[in-house]
Amino acid sequence: MPKVTDGVYLIPGQDEFIPDSHAYVIGNLSSCDLTLIDPGLMGKSDYKIDAIQEMGIEPKAIKRVIMTHTHLDHIGCLAAVLQRLSWAEIWVHRLEAEPLEKGDERTVYGMEMFREMCNTQYALKPGAFTFRVNRKLEDGERLDIGGMVWEVLHIPGHSMGSIGLYYGPEGILIPGDVIYADYAIGRFDLHGARASDLMKSLIRLGELEVDMLLPGHNRIVNNLAPGYILETAKQWESFLV
Ligand SMILES: [Zn+2]
Ligand SMILES: [Zn+2]
């Protein structure tokens with residue numbers, strides 16, 4: 001599992017015919033108060049947790065799982081992860097926590113056609129993505145995680161409860177699927193998505209000082225060019241109305 005910087009570790013996604021999100025572990029290792037972000041696709045729990053152990057991290061140190069959002073490629077292996085990390089809490093933005101608790105899987109699958117395809121491919125049953133959420137996150141909360149304070153940014157548009165996690169002291173942004181490297185952005189045609197919200201979210205992120213961009217897919221960026229996020233917003237402006 002590559003170290004990105006002190007207190008931030010990446011377990012790269014292993015894409016199948018559906019993408020598998022990157023997972024990140026945040027928190028200072030010595031704190032034994034670590035957080036796993038976005039477990040990933042079905043079938044990826046052993047790969048992700050084994051990668052954590054290979055770093056010499058005790059699974060017991062993972063105290064919680066935070067979801068940037070609850071699309072299938074991020075939450076698919078959450079149940080399997082919790083079988084190995086049974087003590088871990090689940091923290092999700094309120095707007096996606098409430099559907100998860102009710103078993104409303106529209107956000108998980110994004111569209112009906114995809115639900116049918118995945119149910120066949122992975123033999124998933126209705127209710128497979130019903131979870132009790134221990135903490136419902138809100139915009140502006142500051143999370144003290146393993147000796148680091150991460151800010152929760154509600155950045156809807158790709159999904160209604162998408163969050164970014166921002167570590168101001170080093171300009172580290174974990175934006176989920178809202179923005180990627182290479183001027184790419186998350187899709188905005190799935191359940192709960194809205195193009196105009198995505199635009200607002202990009203502009204909001206563009207106001208932050210971001211040095212390191214750690215998205216849910218594709219490559220991560222160190223030394224992000226100044227103005228990169230606003231430039232990305234500008235390139236997509238005509239589509240995001
Ligand atoms: Zn994704
Ligand atoms: Zn997504």
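**Note on the fold of a predicted single-chain model**

1. Start with contact range. Among contacts in the protein chain between residues at least 6 apart in sequence, 65% join residues at least 24 apart. Two residues are in contact if their C-beta atoms, placed from the backbone, lie within 7 Å. This is a predicted model, in which local features need pLDDT of at least 70 and side-chain atom pairs count only at pLDDT 80 or more, while totals for chains, interfaces and linings use all residues. Residues are numbered from 1 along each chain as its sequence is written, and chains are lettered from A and ligands numbered from 1 in the order in which they are written.

2. Overall dimensions come next. The C-alpha trace of the protein chain spans about 45 × 45 × 30 Å along its principal axes. Of the 241 residues, 44% count as buried. Buried means that 20 or more other C-beta atoms lie within 10 Å of the residue's own; exposed means 12 or fewer, and partly exposed lies in between, with C-beta atoms placed from the backbone.

3. The protein chain has eight helices and 12 strands. These are DSSP runs numbered from the N terminus: helices are H or I with at least four residues, strands are E with at least two.

4. One open sheet holds seven strands, in the order β1-β2-β3-β4-β5-β6-β7, with mixed pairing. β1 and β7 (135–137) stand at the edges with a single partner strand each, so one side of each has no neighbour in the sheet. Neighbouring strands are turned by 25° against each other on average, direction ignored. Axes here are lines fitted to C-alpha atoms, for helices over the stretch in contact, and angles run from 0 to 180 degrees between N-to-C directions. Two strands pair if DSSP finds at least two bridges between them.

5. β1 (residues 3–5) and β2 (residues 8–11) run antiparallel and share two bridges. Threonine 5 sits opposite valine 8. Two residues separate the strands of this hairpin, and glycine 7 there takes a positive phi near 85°. β2 then pairs with β3 (residues 23–26), antiparallel, over four bridges. Isoleucine 11 has alanine 23 as its bridge partner, and tyrosine 9 stands opposite valine 25.

6. β3 deserves a close look. Ala23 and Val25 point one way from the strand, Tyr24 and Ile26 the other way, and all are buried. Three bridges link β3 to the antiparallel strand β4 (residues 34–37), where threonine 35 is the bridge partner of isoleucine 26. Leaving aside neighbours within four places in sequence, the contacts of isoleucine 26 include Gly7, Leu34, Ile145, Met148 and Trp150.

7. Which residues touch the most other members of the largest nonpolar core? They are Tyr24, Ile26, Val65 and Leu173, in a core of 58 residues. A nonpolar core is a set of buried Ala, Val, Leu, Ile, Met, Phe, Trp, Tyr and Cys residues joined through C-beta atoms within 7 Å.

8. Helix α1 (residues 45–54) has Ser45, Lys48, Ile49 and Ile52 buried. Seen down the axis, these buried residues fall within an arc of 90°, so they line one face of α1. The arc is that of the directions from the helix axis to the C-beta atoms. Asp46 and Glu54, on the other side of α1, are exposed. The cover over the buried residues of α1 includes β2, β3, β5 (62–66) and α3 (78–84). Glycine 56 follows α1 and has a positive phi, near 85°.

9. Further along the sheet, β5 and β6 (residues 89–93) run parallel and are joined by three bridges. Tryptophan 91 is the bridge partner of isoleucine 66. Helix α4 (residues 94–102) lies across β6 and β7, at about 120° to β6.

10. A five-strand open sheet has the order β8-β9-β10-β11-β12, again with mixed pairing. Its edge strands are β8 and β12 (212–213), each pairing on one side only. β8 (residues 142–145) and β9 (residues 148–154) are antiparallel, with four bridges. Arginine 142 stands opposite glutamate 151. In their hairpin turn, glycine 146 has a positive phi of about 55°. β11 (residues 172–174) and β12 run parallel over two bridges, with isoleucine 172 partnered by methionine 212.
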